[in-house]
Amino acid sequence: MKPEELPAHDEYGRLLEDRGVWRQATTLEAAGELTARWLEGGSSYQPGHFAPGFDTETVALAAALAELNRNGLFTKESQPGILADGAAQREYVTGFCSAGTAGELLALSTRTELVTVAHAPGEASSAAIPVTLAGTEVTTVLGSSENPVDEAQIRDWADETNDSLALLLADSWYVEILDPAWGRNDVLLPAVLQALKGAEQP
């Protein structure tokens with residue numbers, strides 16, 4: 001096959017050239033920077049996100065999430081708070097981080113209303129904290145660890161990024177931080193950023 005005949009995108013529409021830089025990302029800082037670039041529109045590839053861009057509801061959060069990624073939290077999932085048309089959401093963000101950063105984020109639960117669930121490396125815990133309702137039906141919950149803990153999960157991350165980063169994520173803390181107030185959007189992300197900046201201090 002000639003170079004000009006090689007596909008430019010994968011089956012999800014993600015640019016393969018953007019995927020290439022993830023092959024070199026071997027630290028949480030590098031993963032966070034690449035995620036920030038994706039959130040700012042500078043990339044169409046994000047590991048584990050099987051579309052070239054993020055959901056419409058993430059647009060209002062994108063700049064703040066990029067800042068979190070540049071300050072020690074490699075974010076995995078998030079959603080805004082919503083109260084409308086029979087739907088309700090609690091704002092939350094999840095991601096991978098160091099032990100020290102996990103400690104700072106866990107401490108948010110001691111001095112604010114925010115709830116942080118921290119999962120140690122290798123932990124396969126599972127809980128169910130409702131964060132999205134459709135009418136009276138719970139459609140999204142938090143509380144389960146997302147660290148790659150078995151060989152298949154590590155291989156999935158390695159396929160999307162590289163072996164070194166997959167193993168690093170398996171050895172990282174996974175945190176979930178949520179605002180217990182349904183529909184609120186002005187508390188969580190600023191508080192998380194402040195905690196992350198505190199974690200950077202010696």
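Me: Which residue in the turn between β6 and β7 has a positive phi?
Reply: Gly-135, with a phi of about 70°. β6 and β7 form a hairpin, with 2 residues between them. Keep in mind that this is a predicted model.

Me: How many bridges join β6 to β7?
Reply: 5 bridges. β6 covers residues 129-134, β7 covers residues 137-142, and the two run antiparallel.

Me: And what is the bridge partner of Ile-129?
Reply: Leu-142, in β7.

Me: Switching to the open sheet. What is the strand order?
Reply: β1-β4-β8-β5. That makes 4 strands, with antiparallel pairing.

Me: Which are the edge strands?
Reply: β1 (74-79) and β5 (115-119). Each of them pairs on one side only.

Me: How are neighbouring strands of this sheet turned against each other?
Reply: By 15° on average, with direction ignored.

Me: What about β4 and β8, how many bridges there?
Reply: 6 bridges, in the antiparallel sense. β4 is residues 92-97 and β8 is residues 173-178. Within that pairing, Val-175 of β8 stands opposite Gly-95.

Me: Aromatics next. How many pairs in the whole structure?
Reply: A search finds 7 aromatic pairs. One of them is Phe-74 with Trp-157, which is edge-to-face. The centres are 6.2 Å apart and the planes make an angle of 70°.

Me: Which parts does the pair tie together?
Reply: Phe-74 lies in strand β1 and Trp-157 in helix α5 (residues 151-160), so the pair ties together parts 83 residues apart in sequence.

Me: Phe-74, buried or exposed?
Reply: Buried, with a relative accessible area of 3%. Trp-157 also counts as buried, because its relative accessibility is 13% and the cut-off is under 20%.

Me: Which residues do ring pairs link into a cluster?
Reply: Trp-22, Phe-74, Phe-96, Trp-157 and Tyr-174.

Me: Last topic, Arg-19. Where does it lie?
Reply: In helix α1, residues 16-22.

Me: Which side chain of opposite charge is nearest to Arg-19?
Reply: Glu-160, at 4.5 Å. Arg-19 is buried yet has no salt bridge.

Me: Why doesn't 4.5 Å make a salt bridge?
Reply: Because a salt bridge needs the side-chain nitrogen within 4 Å of a carboxyl oxygen, and Glu-160 is 4.5 Å away.

Me: What is Arg-19 in contact with, leaving aside neighbours within four places in sequence?
Reply: Tyr-45, Asp-159 and Glu-160.

Terms used: Residues numbered from 1 in each chain as written. Predicted model: local features only at pLDDT ≥ 70, side-chain atom pairs only at ≥ 80, totals over all residues. Heavy atoms only, no water. Buried < 20%, exposed > 50% of the residue type's maximum accessible area, 1.4 Å probe, protein only. Lys, Arg positive; Asp, Glu negative; His and termini not counted. Contact = heavy atoms within 4.5 Å. Pairing = 2+ DSSP bridges. Axes fitted to C-alpha atoms, helices over the stretch in contact; angles between N-to-C directions. Phe/Tyr/Trp six-rings, centres within 6.5 Å; stacked < 30°, edge-to-face > 60°.
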